[in-house]
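Let's take a walk through a protein model together. Keep the picture open and follow along.

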Amino acid sequence: MPILDFGCFLTAHFLTIPPLDDEYGNLHIIVDKKDLTEYEYDSNIFYGICRGKTLCEWFKNNIKHILVDEPFPVKTCGITGTSMWLNSYKYVKNNIKELNVFHELRQDWLWRHSIETCKEEFCLPFIVFRKVESGIEISWNNKSHHYEGVEFKYLEGFELVNEETFKNKVLSFICNFDS
């Protein structure tokens, strides 16, 4: 069973869920003892679900972007990765050609720094990974998600994780999942 454990700040692991086929599993991202994937729906507690292979491929393709200081590509007043994305809407261009470029730049950055593409039809929190100074920032914002009837337990925040620890654990997760 592959386990992604970043130590005291973040733990994420993929476990097969028996009722589903073995491509799917629970994703737990724990920061400072808070499971960011935890949510309530219809008075029941659930956790994120995704395809393990999709998550592994996403990390393979994007760790190189997460580990470098890739500035947010458009104007924003945000400070964390999630707030930069959400607040950049305030600077939408009026010209249609500029508008298309604006959205393309934003979207490309998001796909390289967020697990958004891993959620498919499942409910996952909005989490962004990005390099800041000598660490990796993990930020989340679930205040304005689009899941009807879902209430995430942890709405907004961020933590810094040691860069080497993050890198080594992601590479170990990829290696364990591929074996």
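Here is a short tour of some helices, a sheet and a few ring pairs.

First, keep in mind that this is a predicted model. Start with the helices. Two packed helices are described by the angle between their axes and how far apart those axes are. Here, helix 1 (residues 52-66) packs with helix 4 (residues 163-178) at about 145 degrees, and the axes are 10 Å apart. Their crossing is left-handed. On the helix 1 side, the residues that meet helix 4 include Leu55, Phe59 and Ile63, and on the helix 4 side they include Phe166, Val170 and Phe173. Sorted by class, this contact has 11 nonpolar, 1 polar and 4 charged residues.

Strand 5 (residues 39-41) and strand 6 are joined over 3 bridges.

Tyr39 is buried at 11% relative accessibility, while Phe46 is partly exposed at 34%. Ring pairs link Tyr39 and Phe46 with Tyr147 and Phe152 into a cluster.

Finally, back to helix 4. Its Phe166 pairs with Phe129 in strand 8 (residues 127-132), 37 residues apart. Their planes sit at 45 degrees, so this pair counts as tilted. Phe129 is buried at 2% relative accessible area, and Phe166 is buried at 0%.

Notes. Residues are numbered from 1 along each chain as its sequence is written. This is a predicted model: local features need pLDDT of at least 70, side-chain atom pairs count only at pLDDT 80 or more; totals for chains, interfaces and linings use all residues. Side-chain values use heavy atoms; hydrogens and water are left out. Axes are lines fitted to C-alpha atoms, for helices over the stretch in contact, and angles run from 0 to 180 degrees between N-to-C directions. Helices (H or I, at least four residues) and strands (E, at least two) are DSSP runs, numbered from the N terminus. A crossing is left-handed if the near helix is turned anticlockwise from the far one by less than a right angle, and right-handed if clockwise. Contact means heavy atoms within 4.5 Å. Ala, Val, Leu, Ile, Met, Phe, Trp, Tyr, Cys and Pro count as nonpolar, Asp, Glu, Lys and Arg as charged, and the others, Gly among them, as polar. Two strands pair if DSSP finds at least two bridges between them. Buried means under 20% relative accessible area, exposed over 50%, partly exposed in between (1.4 Å probe, protein chains only). Rings of Phe, Tyr and Trp (its six-membered ring) pair if their centres lie within 6.5 Å; planes under 30 degrees apart count as stacked, over 60 as edge-to-face and the rest as tilted.
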